[in-house]
Amino acid sequence: MTVRIDEEKVFRLINEKKPRGIVVNAPGGLIRQTRNLMERIEAQYGIPCYLIGDSCFGICDTVDDEVTKLDADLALHIGHNAVPEEIGEFTHLIDAKDDIKFDAIIDRSIEVFRPYRRLGLATFSQHLDELGPAKRQLEAAGFEVHLGRENNLLFQSQTFGCDFSTIYPMSKEVDAFCYLGGSEFHAVGVALATGKPTYLLDPYLEEVRDMKEEAEIRRKRSILGVYKALDARVFGVVTGLKEGQKMLGRTKWISKRLEMNGRKVVQLAMRDVTPANLAPYRDIEAFVQTACPRISIDGFTFDRPVLSIPQADALVRLMEGREIGEFLERPKWIELTTGLIPKSR
Ligand code: SF4
């Protein structure tokens with residue numbers, strides 16, 4: 001299998017815009033191809049390309065603000081294909097697509113799916129082109145197959161780690177979800193957000209994996225974190241500084257609710273919410289972070305509760321005497337700001 005960056009678009013943009021410098025960022029798995037591309041750009045055009053070395057996990061990690069700091073005038077955010085092609089003043093999304101095929105693993109999955117009649121299909125950026133063939137193959141095997149609806153950020157049946165808004169509305173119309181790709185991270189998210197049986201069809205390991213156990217571990221830990229935080233008197237509310245995670249509205253709402261319920265709030269802001277970055281604040285008994293929800297839901301290494309936005313909502317419900325509810329079952333765990341409101345040019 002090969003993941004191919006849309007280089008044609010990159011060179012077309014450079015020819016059109018004639019930038020004096022380019023800022024680039026990409027997820028870890030695409031760094032080798034990205035560096036190779038940068039070397040060719042520098043050799044062909046004689047302009048500097050800066051690879052931003054900070055973490056790049058998702059579409060929330062665009063680096064539009066870095067363009068001005070580095071005296072550049074174009075940013076390429078590689079590998080998180082999405083509906084908006086441009087973000088902010090300078091950033092263009094550059095697709096990367098995997099050419100691996102799913103026909104063999106779908107064949108293998110047919111028996112696993114036999115107890116179900118109606119299937120929902122989902123995948124992440126790199127396999128979007130495989131949805132059509134997968135749907136046809138499963139339909140030929142006798143299943144009723146549903147695709148999620150495209151919206152202003154995500155393509156048909158595409159999910160991010162925190163955004164399931166394309167497929168969530170069809171949760172009641174399907175018996176199980178079939179997730180294309182090798183990413184447990186994404187498939188577990190679908191299982192948690194929809195509450196439906198979800199199977200990962202991994203074409204690299206040639207395995208069909210039920211996400212039930214992994215989802216249940218995260219669901220229970222998320223609930224436990226909420227109950228532990230209920231006893232805390234001093235909260236750190238952490239606002240994420242990444243471009244696509246500007247959740248100031250949520251920060252203010254949660255801070256106010258905590259204070260109304262007698263808790264002290266310390267406001268913090270940081271780019272990466274890690275155990276090391278939270279370690280110095282020993283007087284704080286629990287944190288709420290309004291950045292990436294997966295830091296909390298998948299983060300097993302914090303020494304105190306660190307709640308995501310859905311968990312914080314559940315905490316507020318408990319503080320106010322209401323039921324905790326299935327707080328992870330919702331179409332989005334945060335409202336990504338990336339790409340929703342492009343700046344005027
Ligand atoms: S905020 Fe969403 S898009 Fe960004 S890294 Fe987390 S899960 Fe991925």
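The domain assignment divides the chain into domain 1 (3–97), domain 2 (103–210) and domain 3 (219–319); such bounds come from an automatic or database domain assignment. Between the C-alpha centres of domain 2 and domain 3 the distance is 31 Å. The model is a predicted one, in which local features need pLDDT of at least 70 and side-chain atom pairs count only at pLDDT 80 or more, while totals for chains, interfaces and linings use all residues. Residue numbers start from 1 along each chain as its sequence is written.

Helix α6 (residues 184–194) packs against helix α7 (residues 212–230) at an angle of about 70 degrees, and their axes are 9 Å apart. Helices here are DSSP runs (H or I, at least four residues), numbered from the N terminus. Axes are lines fitted to C-alpha atoms over the stretch in contact, and angles run from 0 to 180 degrees between N-to-C directions. The angle therefore makes α6 roughly perpendicular to α7 (65 to 115 degrees). Glu 184, Val 188, Ala 191 and Leu 192 of α6 meet Lys 212, Glu 214, Ala 215, Arg 218 and Arg 219 of α7, contact being defined by C-beta atoms, placed from the backbone, within 7 Å. By class, this contact of α6 with α7 has four nonpolar, no polar and five charged residues (nonpolar: Ala, Val, Leu, Ile, Met, Phe, Trp, Tyr, Cys and Pro; charged: Asp, Glu, Lys and Arg; polar: the others, Gly among them).

α7 also meets helix α11 (residues 309–319), the axes coming within 9 Å and crossing at roughly 50 degrees. The contact joins Ser 222, Gly 225, Val 226, Ala 229 and Leu 230 of α7 to Gln 311, Ala 314, Leu 315 and Leu 318 of α11.

Around the ligand are Phe 57, Gly 58, Ile 59, Cys 60, Phe 160, Gly 161, Cys 162, Gln 245, Cys 292 and Arg 294, each with its C-beta atom, placed from the backbone, within 6 Å of the ligand. This shell comprises six nonpolar, three polar and one charged residues.

Conventions. Helices (H or I, at least four residues) and strands (E, at least two) are DSSP runs, numbered from the N terminus. Angles under 35 degrees count as roughly parallel, over 145 as roughly antiparallel, 65 to 115 as roughly perpendicular and the rest as oblique. Two residues are in contact if their C-beta atoms, placed from the backbone, lie within 7 Å.
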